[in-house]
Amino acid sequence: MIPQPAAGVAPARPAAQGRPPRRLIVSPSLLACDFSRLGEEIRKVEEAGADWLHVDVMDGHFVPNLTIGPVVVEAIRRASRIPLDVHLMIDHPERSLQQFLDAGAHYLTVHVEAPGLHEAAALQGALQTIRRGGAGAGLSLRPRTAATAITPFLESLDLILVMTVEPGFGGQAFLSEVVPKVQQVREWFAGDLAVDGGITPQTARRCREAGANVFVAGTAVFRSTSYRDVIQALRGPQ
Ligand code: DX5
Ligand code: ZN
């Protein structure tokens with residue numbers, strides 16, 4: 001237990017000094033794993049120190065690629081012990097939120113650009129549905145979407161996911177031009193700030209310096225010879 005000052009008593013130190021260091025989270029993206037051995041890959045990455053599991057849901061419309069749906073998310077949930085961070089790259093995510101909540105998502109992230117969420121009220125409603133369903137509400141931005149697109153929703157968010165590649169495929173090169181946006185979002189938002197796409201120990205470091213604390217990495221983890229070493233390196237110096 002962290003001792004708390006009594007109600008009404010000013011803390012001994014200014015808040016900034018007393019603030020605990022931000023938690024650093026590594027969320028390996030299963031998109032790059034060997035799907036023919038999904039359960040084994042999950043076990044291996046958990047044993048190697050992963051904090052969350054990132055699950056990429058793509059519908060062939062919002063992005064050109066097509067991946068998995070709630071049935072597989074539910075199977076991943078049964079095979080895992082750590083939180084599932086589910087990234088919805090789909091049109092009309094509002095129509096499927098309940099299914100992904102029922103499948104066991106701990107964090108559910110929608111895209112601010114998604115058809116179906118263009119009206120602020122619709123997006124606000126989706127974020128409320130996620131929180132009422134007991135999950136953390138996440139909002140993601142494509143590389144070319146301005147940071148200001150998310151400002152009306154900051155109070156309703158547990159997670160902001162800044163895409164550092166065009167969503168759709170693993171294995172793409174990190175877009176350096178997105179780093180200032182990470183820094184801008186961090187100035188406004190104290191919750192979990194994730195980066196996703198082309199994340200390696202080197203690019204993770206640049207994002208960490210800009211204020212990110214959640215590192216989503218597919219290729220860097222699953223195409224490595226030591227999941228443990230890469231996960232540790234992604235978290236940076238302790
Ligand atoms: C891309 C996905 C990413 C992807 C990252 O649209 O959102 O989560 O799996 O893969 P890497 O780490 O290989 O860039
Ligand atoms: Zn993702």
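Is Thr145 buried or exposed? With a relative accessibility of 16%, Thr145 counts as buried, because buried denotes under 20% relative accessible area, exposed over 50% and partly exposed the range in between (1.4 Å probe, protein chains only). The structure is a predicted model, in which local features need pLDDT of at least 70 and side-chain atom pairs count only at pLDDT 80 or more, whereas totals for chains, interfaces and linings use all residues. Residues are numbered from 1 along each chain as its sequence is written, chains are lettered from A and ligands numbered from 1 in the order in which they are written, and side-chain values use heavy atoms, with hydrogens and water left out.

Thr145 belongs to the loop between β5 (136-141) and β6 (159-163); helices (H or I, at least four residues) and strands (E, at least two) are DSSP runs numbered from the N terminus. Its side chain forms a polar contact of 2.6 Å with the side chain of Glu113. A polar contact is a pair of N or O atoms within 3.5 Å; within protein, one must be able to donate a hydrogen and the other to accept it, and residues adjacent in sequence count only if both atoms are side-chain atoms. Neighbours within four places in sequence aside, Thr145 is in contact (heavy atoms within 4.5 Å) with Val112, Glu113 and Lys181. Pro143 lies in the loop between β5 and β6 and, at 15% relative accessibility, counts as buried. With neighbours within four places in sequence left aside, the contacts of Pro143 are Met163, Val165, Glu166, Pro167, Leu175, Val178 and Lys181. The C-alpha atoms of Pro143 and His118 are separated by 17 Å, and these residues are 25 residues apart along the chain.

Strand β5 itself contains Leu139, which is buried at 0% relative accessibility. Beyond residues up to four places away in sequence, Leu139 touches a set of residues including Val110, Val112, Leu123, Ile150, Phe153 and Ile160.

The nonpolar interior can be considered next. In soluble globular proteins, nonpolar side chains tend to be buried together. A nonpolar core is here a set of buried Ala, Val, Leu, Ile, Met, Phe, Trp, Tyr and Cys residues joined through side-chain atoms within 4.5 Å. The largest such core has 71 residues, and Val86 and Ile160 have the most contacts inside it. Apart from that core lies another, of nine residues, among them Ile25, Trp52, Val165 and Ala194. Residues up to four places away in sequence not being counted, Ile160 touches Leu139, Leu141, Ile150, Leu154, Val185, Phe189, Asp192, Leu193 and Ala194.

Asp192 is placed in strand β7 (residues 192-196) and is buried, with a relative accessible area of 9%. A polar contact of 2.4 Å links its side chain to that of Arg23. Among the other residues in contact with Asp192, neighbours within four places in sequence aside, are Ile25, Trp52, Tyr107, Asp158 and Asn213.

Strand β7 also holds Asp196, which counts as buried at 8% relative accessibility. The side chains of Asp196 and His54 make a polar contact of 3.3 Å. Residues up to four places away in sequence excluded, Asp196 touches His54, Asp56, His87, Leu161, Val162, Met163, Thr164, Val165 and Val216.

Of the 20 residues around ligand 1, Ser29, Gly168, Asp196, Gly218 and Thr219 come nearest. A polar side-chain atom of Asp196 lies 2.7 Å from an oxygen atom of ligand 1, and a polar side-chain atom of Asp56 lies 2.8 Å from an oxygen atom of the ligand. From Gly218, a backbone N or O atom lies 2.7 Å from an oxygen atom of ligand 1. The protein covers 99% of the 380 Å² of accessible area (Shrake-Rupley method, 1.4 Å probe) that ligand 1 has on its own.

Strands β2 (53-58), β3 (84-89) and β8 (214-217) each supply at least two residues of the shell around ligand 1, and β2 gives the most, with three residues.

Technical notes:
Near = heavy atom within 4 Å.
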